Amino acid sequence: TPAVTLSSAPDRGEAAERVESLFAESFGYAPDGVWSAPGRVNIIGEHVDYQDGLCLPMAISHRCFAAAARTPTDLVRLRSAQDDQVLEIHAGDLEPGAVDGWPAYVAGVLWALRAHISGATTQGMDIMIDGQVPLGAGLSSSAALECSAAEAIEALLSLGTTPLQRVRAAITAETDFAGASTGGLDQSASVLSRAGHALFLDCRDFSTRAVPWDLASQGLALLITDTRAEHSHVDGEYTARRADSERAAAALGVATLRDADAAQLDTLPASLEDEVVRRRARHAISEIQRVKDFDALLAAGTVRDNVRELGDLLNASHDSLRDDYEVTVPQLDTAVDAARQAGAHGARMTGGGFGGSTIALVEADQAEHVATAIAAAFSERGFTAPEFFLALPSEGAGQDR
Ligand code: GAF
């Protein structure tokens, strides 16, 4: 049986000091400050954000750190502890298509925040990034990058933006500048989450409510499994699902699937010529209902009180994503099946799918046992060994130093 480790995020204070030193080493002077933003897991409400749906994410303890300073020039200089690629661009030259790779997620935020910048948008700045959210794990390393940049830029330029305006700037950076047409779940979670809480998010207007989510005191834990499965074709498949959901809404005669209900789906099957489109709609409609049910259970009692029903909803969410939405891969299904067999109350993929991570609601003293069972199942199938973390509900974006 493979030995497993439940890894934890680097200490936040130490990580902030580290990026400050990296900035000083790299640019030759001390930064004005350090800001950071977390990655996330989505507890439930998957692939519904771009249909005005409901989601329940939480920030995790892995964060992206940005040390930054204003400069007396018009040059924007971006560097990263994870990558040799550096970007140097005149602030006035920022436009979609001008920047590639990870720097696009930072430069795009500056570009998107222009609406809030009065006067000439030629203020230069230096930014050093140290991203500690595992890359490609479906834990929103890109949102953490965008949102840490948004905090830094807000502070450097004293823009006076609200957290929600920074969420929107981060979304615009991703969709219009970096060119990934995602839906806003990740950026909302990264900016608006509160420590010890999950975030009830209504994607119709991006209104939010903090929901107490304290598993540790109830002897429970949320185990994250990074399946290390490659995200091949992730953008193409994600965009295809999004297009399917738009076709489904059109076939049901609603602006978004938030406005459709399950009964409508049953009475109007003939209008959905395409069986695939019907299944896509069924996923979104049922998933939005599951978020409502999950939220109602959390309002009615503790997680411990309702652990069985909550677990069932997590399971139903995964099964719908596997069968109706078809965004899972064998590694995700294997991790979920193994977790359930090993006694998890519920388990599901989290994030965009096609690789990435799963979560499992487990007894805290069973977390290692469940992780071991998942690792064994992976080893049996010849999959790359997964990595394990605990999802600790953490604070959203903010200043560190
Ligand atoms: C990815 C996207 F970025 C989010 O917007 C969301 O659609 C998610 O997949 C699926 O729920 O993380």
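Biologist: What percentage of residues 22–70 is helix and what percentage is strand, and how far apart are the end C-alpha atoms?

Modeller: This is a predicted model, and such figures are read from it as computed values. Over residues 22–70 the chain is 12% helix and 59% strand. In UniProt, an unreviewed entry lists residues 22–70 as "domain: Galactokinase N-terminal".

Biologist: At what angle do the axes of helix 2 and helix 3 cross?

Modeller: Helix 2 (residues 103–112) and helix 3 (residues 141–157) have axes that come within 9 Å and cross at roughly 40 degrees. Angles under 35 degrees would count as roughly parallel; helix 2 is therefore oblique to helix 3. Their crossing is right-handed.

Biologist: Which residues of helix 2 and helix 3 meet?

Modeller: From helix 2 come Tyr 105, Val 106, Val 109 and Leu 110, and they meet Ser 142, Leu 145, Glu 146, Ala 149, Ala 150 and Ile 153 of helix 3. Sorted by class, this contact has eight nonpolar residues, one polar and one charged.

Biologist: How is the pair of helix 10 and helix 11 to be read, and at what angle do their axes cross?

Modeller: The axes of helix 10 (residues 330–341) and helix 11 (residues 367–381) come within 8 Å and cross at roughly 135 degrees. Roughly antiparallel would require an angle over 145 degrees, so helix 10 is oblique to helix 11. The crossing of helix 10 and helix 11 is right-handed. In helix 10, Thr 334, Ala 335, Ala 338, Ala 339 and Gln 341 meet Val 370, Ala 373, Ile 374, Ala 377, Phe 378 and Arg 381 of helix 11. The contact divides into eight nonpolar, two polar and one charged residues.

Biologist: Which residues surround the ligand, and how do they divide by class?

Modeller: A shell is read as a list of residues and then by class. Around the ligand stand Asn 42, Glu 46, His 47, Asp 49, Tyr 50, Thr 182, Gly 183, Gly 184, Leu 185, Asp 186, Gly 351 and Gly 352. Two of the shell residues are nonpolar, seven are polar and three are charged.

Notes. Residues numbered from 1 in each chain as written. Predicted model: local features only at pLDDT ≥ 70, side-chain atom pairs only at ≥ 80, totals over all residues. UniProt positions renumbered as here; feature names shortened; annotations may be inferred. Helix = DSSP H or I, 4+ residues; strand = E, 2+ residues; numbered from the N terminus. Near = placed C-beta within 6 Å. Nonpolar A, V, L, I, M, F, W, Y, C, P; charged D, E, K, R; others polar. Axes fitted to C-alpha atoms, helices over the stretch in contact; angles between N-to-C directions. Parallel < 35°, antiparallel > 145°, perpendicular 65-115°, else oblique. Left-handed = near helix turned anticlockwise from the far one by under 90°. Contact = placed C-beta atoms within 7 Å.
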